[in-house]
Amino acid sequence: MTNGLQNCGWQLDVRRDGHIGRRNFLRTLGTAALGTAAFGYGMAGSPAGIRQLLAGQADELKKRGKSMILLWMDGAPSQHETFNPKPGSANQGPTKAISTKIPGVQFGEGWEKTAAVLDKIAVIRSMKSGEADHFRGIKLVKSGYPTNPAIRYPTWGSVVSMMKGDPNFDLPNYVRCGKPRIATRDIDHGVLGTRYASFKVDEPGKLPEDVVPVDTSTVMQRRMALANALDAEFARSGAEPAVQEKRAIYDRAKQFAFSPRLSTFDLSKEPEKLRDAYGRTVFGQGCLLARRLVEAGVPFCEVYSIGSTGDQGWDTHKNGFKENPLLANETDPGYATLLTDLSDRGMLDNTLVVWMGEFGRTPKFKPDGGRDHYAEGWVVGMSGCGIRGGQVIGATDKDGLKVTDRPIDVPDLYQSICKALEIDPHHEYITNDNRPLKLVEKGKVVEELFS
C-alpha cells in the first residue's frame, strides 16, 4: 500500500493482523510530527491525515489478516452422538444427552468441554447436501462444488491461500495437520496449480525430514544456479509456463527452509499444561499447531481428526457405540481448548473456526451402534470472524429423519464463510487450463450466523 508516510521515506511496520508495535508506532509518529512541514498544509501532513493513513493501513491489513482453521472429521461424524442428540427417540441409542452452556441446548455425552464453550459456537443442525458417497461428498464439502469430471475444483484451503495469502510470506499459506485415512479421497489445489497446494505436517510438532537443509546456503546456491541453467534450456524448448511455476515453488521452498519462523512448528515452546489441555493426540496437537500458525500469519490451516484406534475414523458403520466415545474423547479437548485459546489471545475475532465432516450418519442404527451414510440433517460448528456464538440454527424432527427448519446447503455455507473472511464469493479467477471460475457459484449467506 502506498501512502504519505511511505512516500516520505517512513515505513510503518504493521503486522499481518493489523496491529502496530508500540515502539514502532511511537518512533514513526514522532518522525512524522517532526516532518509535518515537509508535507505542506494538505491533508496528508496534518495530524488528522496521519491518523487516517495509519487507520487505513491497519484496516486493510486486518482485512487481509482474516484466517480460517478447518477441523475436519474425516469419515462423517454422527449427529446423534455429537451436536444433535435425540433423547427419547428410538434412534438415539445409549448415548446420553448432556447440558451445554446455553440453556435448553444439548450435546451428546463425551463433548463436555465443547459444551462448556458453546457460547463461542454457532451450531448448524440442518445441513443438506444430497451427496452420501465419501469421495463425492468430500469433493463437494471441501470445495463448494459438486464433482465434475471436467474440472478439478480446488479445496477451500487453496482458495483462501490464493485470496488471503501473501506470496512473499516465508511460511506456507496453507498448512494441513494430520492426514486423511484414505489418500485417494483427498483433494488439494486442483486447477489452481501447485503453488496453492497444502504443506503437509503428518505429525504435529515435527517438520517433514526434507525441510531443514542439510547443506550450507552456499552449496544450496550453487545447486540452484545449476537448476536454473537446466530450467532455462527446458524453457527454450517451449515449456516456459511450467518452468516459471517450478521456479516460484523452488524460491518459496528456499525462503521457507531458511526462515527463522520455522520455530513456529516447534510445539515444545508451549507450556506443558497447555499442551495437555489440547490433548496429546495428533488432533489435539494439530489444533495447537494451527493456533501457532495462524498467530504467525498463515491464512488457512486444516486439522484432521481420524482417531487413533482402528482404521474407520468417523466412518462408524460398525461398533459405533464403542468408537464414538473414543473419537469424542480425542476431539473434544482440542476443539474446546482451541476456541478458548484463540479467544484469550484476542484472535477469535479474526480467525474463523469450522468443525465439520463430509455428511452425517443414518438415524437408524445397527445392533452394535454402527450408522451408515446420511446427507440430511448433518451438523457444522462455526466460530469467530463475526459469527454469533451460543446459538443453534435449523432443526430436524424428533427422530432426526428430516430437516424441519432452515435447510442449509453447501453453497450457503460457503457464501457464509466468504462473508466471515471478507472474500468476494463472486470473484472469478482463471484456472490453469484457462477457464473462468467463481469462488462460489450458488447459495445465499446464512444471515442468522451474523445476527
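Mentor: Begin with a definition: a helix axis is a line fitted to C-alpha atoms over the stretch in contact, and angles between N-to-C directions run from 0 to 180 degrees. Keep in mind that this is a predicted model.

Trainee: At what angle do helix α6 and helix α11 pack?

Mentor: Helix α6 covers residues 156-164 and helix α11 covers residues 410-421. Their axes lie 13 Å apart, and the angle is about 30 degrees.

Trainee: Is α6 roughly parallel or roughly antiparallel to α11?

Mentor: Angles under 35 degrees count as roughly parallel. The angle of α6 and α11 is about 30 degrees. Therefore α6 to α11 is roughly parallel.

Trainee: Which residues of α11 make the contact with α6?

Mentor: The crossing of the two helices, α6 and α11, is right-handed. From α6 come Trp-156, Val-160 and Lys-164. From α11 come Tyr-414, Ile-417, Cys-418 and Leu-421.

Trainee: How many helices and strands does the protein chain have?

Mentor: The protein chain has 451 residues, and 52% of them count as buried. Its secondary structure comes to 11 helices and 17 strands.

Trainee: Among contacts between residues at least 6 apart in sequence, what share joins residues at least 24 apart?

Mentor: A contact here means heavy atoms within 4.5 Å. Among the contacts of the protein chain between residues at least 6 apart, the share that joins residues at least 24 apart is 73%.

Trainee: Why is strand β11 described as largely enclosed by the rest of the structure?

Mentor: A residue is buried when its relative accessible area is under 20%. Strand β11 spans residues 376-383. It is largely enclosed because the number of its 8 residues that are buried is 8.

Trainee: Which residue in β11 is the bridge partner of Ala-122?

Mentor: Strand β4 (residues 122-128) pairs with β11 in the antiparallel sense, over 5 bridges. Strand β8 (residues 351-356) also runs antiparallel to β11, joined by 3 bridges, and there Trp-355 stands opposite Gly-381. For Ala-122, the partner in β11 is Met-382.

Trainee: Which residues of strand β5 are buried on the two sides?

Mentor: Strand β5 runs over residues 174-177, and both of its faces are covered. One side has Tyr-174 and Arg-176, and the other has Val-175 and Cys-177.

Trainee: Which residue in β6 does Arg-176 stand opposite?

Mentor: β5 runs parallel to strand β7 (residues 300-305), with 4 bridges joining them, and in β7 Arg-176 stands opposite Glu-302. β5 also pairs with strand β6 (residues 199-201) in the parallel sense, over 3 bridges. In β6, the residue opposite Arg-176 is Lys-200.

Trainee: Does Ser-129 count as buried or exposed?

Mentor: Ser-129 is in the loop between β4 and α5 (134-143). Leaving aside neighbours within four places in sequence, its contacts are Leu-140, Ala-375, Trp-378, Asp-409 and Val-410. Its relative accessibility is 17%, so Ser-129 counts as buried.

Trainee: Does Pro-367 count as buried or exposed?

Mentor: Pro-367 is found in the loop between β9 (360-361) and β10 (373-374). Exposed means over 50% relative accessible area. At 85% relative accessibility, Pro-367 therefore counts as exposed.

Trainee: How far apart in space are Pro-367 and Phe-321, C-alpha to C-alpha?

Mentor: In sequence, Pro-367 and Phe-321 are 46 residues apart. In space, C-alpha to C-alpha, the distance is 9.2 Å.

Methods: Residues numbered from 1 in each chain as written. Predicted model: local features only at pLDDT ≥ 70, side-chain atom pairs only at ≥ 80, totals over all residues. Heavy atoms only, no water. Buried < 20%, exposed > 50% of the residue type's maximum accessible area, 1.4 Å probe, protein only. Pairing = 2+ DSSP bridges. Parallel < 35°, antiparallel > 145°, perpendicular 65-115°, else oblique. Left-handed = near helix turned anticlockwise from the far one by under 90°.
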